[in-house]
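This report describes contacts and backbone features in one structure. Please look at the sequence and the model before reading on.

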Amino acid sequence: MVGGEIMSKLTIPQEEIMSSGHLGCQGCGATIAMRYMLKVFGRKTMLTFPACCWSVIDGPWPYSAVSVPLFHTAFETAAIAASGIKSGLDAFGKKDINVIAWAGDGGTFDIGIQAISGAAERNDNILYIVYDNEAYMNTGIQRSSATPWGAWTTTTPVNNPKNRPKKDLVEIIAAHRVPYTATASIAYPEDFIKKLEKAKNIEGFKLIHIFAPCPTGWKMPPDLTVKVARLAVQTRIFPIYEVENGVSYKLNFNPKKFVPVDEYLKLQGRFRHLKEDGYKFIQKNVEYEWELLKKKVETFK
Amino acid sequence: MKHNKKKVEINGASNMPDMPASLGSMASNKTSSWRNLRPEIDESKCIKCFICWKFCPDAAIDFIDENTPPKINYDYCKGCGICAVECPTKCIEMVEE
């Protein structure tokens, strides 16, 4: 395994490539995701960052927290910059270097969607990872199209919260019929690492959508980051699944009993204004989406 | 840029001054002053599962070997408390600084 041997008691690679001392907030979910990603991909990696939390977390020039070459790019061009770097490396004959576009949800769901759609359509050999904290956290918690229904942000205040559901990015990218698309959560690192290993060995465009809670923006104590990420999966608000070649769906987490959504919502300040009918509406939507997902799994078995 | 039929030349590339791409990692930035609660491991209750090490967002918990309880690096720990919540035996206590 690249990225350090797995000791018998450790379920994830031991080597630490992301350095301590970065500028992430206390309990940042995005840094946990980066730590796992670098453990798998090792030092033969190049990263592109658009404007996102990680362009700040990484620290001021000439210091860096990721210990691999990285390229800060404009907000809408993470995917296309990664494609260009990959083509350049290929032209020099350096085929063993992985190029990864690492972007937040604003630079992916809203602003970068044309670049990512172009890269997916050309099937460029890059991995695109979107760490999803469900708003523009870096600039002060503004609504993005990844913000869920009913959530508070500074641009959707409590008397007028967001009234549209979250955009289904994995479905959009899967519709390009790319080799691999998956969702993952920082609360299930073994599953995330398995998906990264899989993506590493696939030629073509890959996308992993990782759920990374933000204590600052979600108005919750920083010690609940991992717990909330786990509850999001257990309540089916964020199901973890993978799609191969755009059609073959596979559920990675399918227990017999599920947790009701209020347990997830009540922990977060951004849902504090919701009443009983709001919880019921979210529960109904979650069940509907889950049935839809199960139908897709059965159809393309 | 001058296009030649055979190769592409970038004017002045050889005259560019040597510049470091990076002076090093952010490890020089000690983030311990961010903390107001300090995690402390009760080593007698620790079962050495290394779940705290796995979930630390600051990579501030050091893995030594399988039979030694992990050690918290107080130079970098920001005191978020994820380790105390995730610990299965609740042997990590958050103490006020």
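How many salt bridges does a search of the whole structure find over all chains? The search finds 21, where a salt bridge is a side-chain nitrogen of Lys or Arg within 4 Å of a carboxyl oxygen of Asp or Glu. The model is predicted: local features need pLDDT of at least 70, side-chain atom pairs count only at pLDDT 80 or more, and totals for chains, interfaces and linings use all residues. Residues are numbered from 1 along each chain as its sequence is written, chains are lettered from A and ligands numbered from 1 in the order in which they are written, and side-chain values use heavy atoms, with hydrogens and water left out.

**Salt bridges**

| Lys or Arg | Asp or Glu | Closest N and O atoms |
|---|---|---|
| Arg230(A) | Glu86(B) | 2.9 Å apart |
| Lys39(A) | Glu16(A) | 3.5 Å apart |

The pair of Lys39(A) and Glu16(A) links distant parts of the chain, 23 residues apart. Lys39(A) is in helix α1 of chain A, while Glu16(A) is in the segment before α1. Helices (H or I, at least four residues) and strands (E, at least two) are DSSP runs, numbered from the N terminus.

**The interface of chains A and B**

In chain A, 43 residues are in contact with 35 residues of chain B; contact means heavy atoms within 4.5 Å. The area buried between the two chains is about 3100 Å², and carbon and sulfur atoms give 58% of that area. Buried area is the accessible area (1.4 Å probe) that two parts lose on being put together, summed over both. Lys9(A), Ser20(A) and Gln26(A) supply 19% of the area that chain A buries against chain B, more than any other three residues.

Across this interface the rule finds two salt bridges. The elements that give two or more residues to the side of chain A that touches chain B are α1 (29-41), β2 (63-64), α7 (189-200) and α9 (225-234) of chain A. The largest share, five residues, comes from α1(A). By class, this side of chain A has 20 nonpolar, 14 polar and nine charged residues. Ala, Val, Leu, Ile, Met, Phe, Trp, Tyr, Cys and Pro count as nonpolar, Asp, Glu, Lys and Arg as charged, and the others, Gly among them, as polar.

**Two helices of chain A**

The axes of helix α3 (residues 78-91) and helix α5 (residues 113-122) of chain A come within 6 Å and cross at roughly 40 degrees. Axes are lines fitted to C-alpha atoms, for helices over the stretch in contact, and angles run from 0 to 180 degrees between N-to-C directions. From α3(A) the contact uses Ala79(A), Ile80(A) and Ser83(A); from α5(A) it uses Ala115(A), Ile116(A), Ala119(A) and Arg122(A).

**Backbone features**

A cis peptide bond, with omega about 5 degrees, joins Trp61(A) and Pro62(A). Asn245(A) has a positive phi of about 55 degrees although it is not a glycine.
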